[in-house]
Amino acid sequence: MTNNTLKRVARATLGAAALVAVASAAQAEEELNLYNWGDYINPQVLTRFTEETGIKVNLDTYGSNEEMLAKIQAGATGYDIVFPSVHMHDIMFQLGLLEKTGIGSDPAFKNIDPQFIRAKTDPDAEYCLPYAWGTVGIAYNKQKVAEMTGWEDFFALADKGEKIILLDDLRETIGIGHIMNGTSVNSTDEAEIKAAADYILERKKNVTAFTYDSIPLVQSGDVAAAHWYVGANIFVQQAPDVLAYVIPEEGATMYQEDICVLASAPNKDNAKKFLQFYLQPEISALNVQQQLNGTPNLPARDLLPPEIANNESIYPPQNVMEKLQIFVDLGRDLQLYNSEWTRIKTAQ
């Protein structure tokens, strides 16, 4: 083989390699990997994003903020976007896990209600986009319970021999004790935290289980009522004669999740496109119609059907909103809650 032939072969080989590299890069650019709470996004939203951008979306799910953080910290790679609660948004920022996106400077960010820019570490929404919010109250079986107004009614059920369930979540469940004691769910006062835990401990004998998987049991009537999320309205909608959801009159917690791009994201540009895509009111409204939770996107609310927009268990009036508390990052003081949660879970 002559030198000229060798050079032609070499050029052809390099050219082919370059084409493969370009094709691989293009393929990478056409993917987006979401890591979200289980069943917490309308599949139609993902389909619409792919139709509009040509970007294939892969979805993996988690059951708690802690599970998600542990996986990311353990070195899980490939995820582009996560959906942390506000306090976890702050924690992940402090750990250097989030990518700056500049989403708060997008012209369409005017659609976002400013009261939902809650993360202390991201006051100008330079990193994450407020995604969804809702309350944590009580789902109950209407055939077992004539009326339910709040936590007092909930615990009274157990005294009458009915089964009740609490969430397997230290802050949500100890939070009920805080609410009933008139203290903050974000208290770092050791005595207040102990008193809140004592409130739950005194009633533990009447609690059937601590679990997230309670709705089927309430729906079947095996359990009368359960501590659960506003997403219970999805099941209420399917069986309105059987199920109901109520925000306790004594007060409750609320949650908010944000859409955040990971610093380790392999598809950062595609991830930023998704944040911009989700700013569209019709997309946020599409998600709400399937998830039945609140959206920070103000124009999206005008696109919702009346049965959702006027449902006070989804969009509560201001006097109810004022009784809702949202969790903040407690830093090292979270250990106080961990200790009390261990005491609750291990008590006989």
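How many salt bridges does the structure hold? And which residues of helix H6 meet helix H15?

Reply: The model is predicted, so local features need pLDDT of at least 70 and side-chain atom pairs pLDDT 80 or more, while totals for chains, interfaces and linings use all residues. Residues are numbered from 1 along each chain as its sequence is written, and side-chain values use heavy atoms, without hydrogens or water.

The structure holds nine salt bridges (a side-chain nitrogen of Lys or Arg within 4 Å of a carboxyl oxygen of Asp or Glu). One of them joins the side chains of Arg48 and Glu52, at 3.7 Å from N to O. Arg48 and Glu52 are about one helical turn apart, because they lie four residues from each other in helix H2 (residues 43-53). Helices here are DSSP runs of H or I with at least four residues, strands are E runs of at least two, and both are numbered from the N terminus.

Helix H6 covers residues 170-181 and packs against helix H15, residues 334-346, at an angle of about 85°, with the axes 10 Å apart. H6 is therefore roughly perpendicular to H15 (65 to 115 degrees). Axes are lines fitted to C-alpha atoms over the stretch in contact, and angles run from 0 to 180 degrees between N-to-C directions. On the H6 side, Leu170, Arg171, Thr173, Ile174 and His178 make the contact (heavy atoms within 4.5 Å). Their partners in H15 are Leu334, Tyr337, Asn338, Glu340, Trp341 and Ile344. Six residues of this H6 and H15 contact are nonpolar, three are polar and two are charged (Ala, Val, Leu, Ile, Met, Phe, Trp, Tyr, Cys and Pro are nonpolar, Asp, Glu, Lys and Arg charged, the others, Gly among them, polar).

Val136, Trp151, Glu172, Gly175, Ile176, Ile179, His227, Ala252 and Thr253 line the second largest cavity. H6 and strand E9 (252-261) are the elements that give two or more residues to this lining. By class, the lining of the second largest cavity has five nonpolar, three polar and one charged residues.

Conventions: Angles under 35 degrees count as roughly parallel, over 145 as roughly antiparallel, 65 to 115 as roughly perpendicular and the rest as oblique. On a 1 Å grid over the protein atoms alone, a cavity is a set of points where a 1.4 Å probe fits but cannot get out, and a pocket is an open set with protein on both sides within 12 Å along at least five of seven lines; lining residues have an atom within 4 Å of a point.
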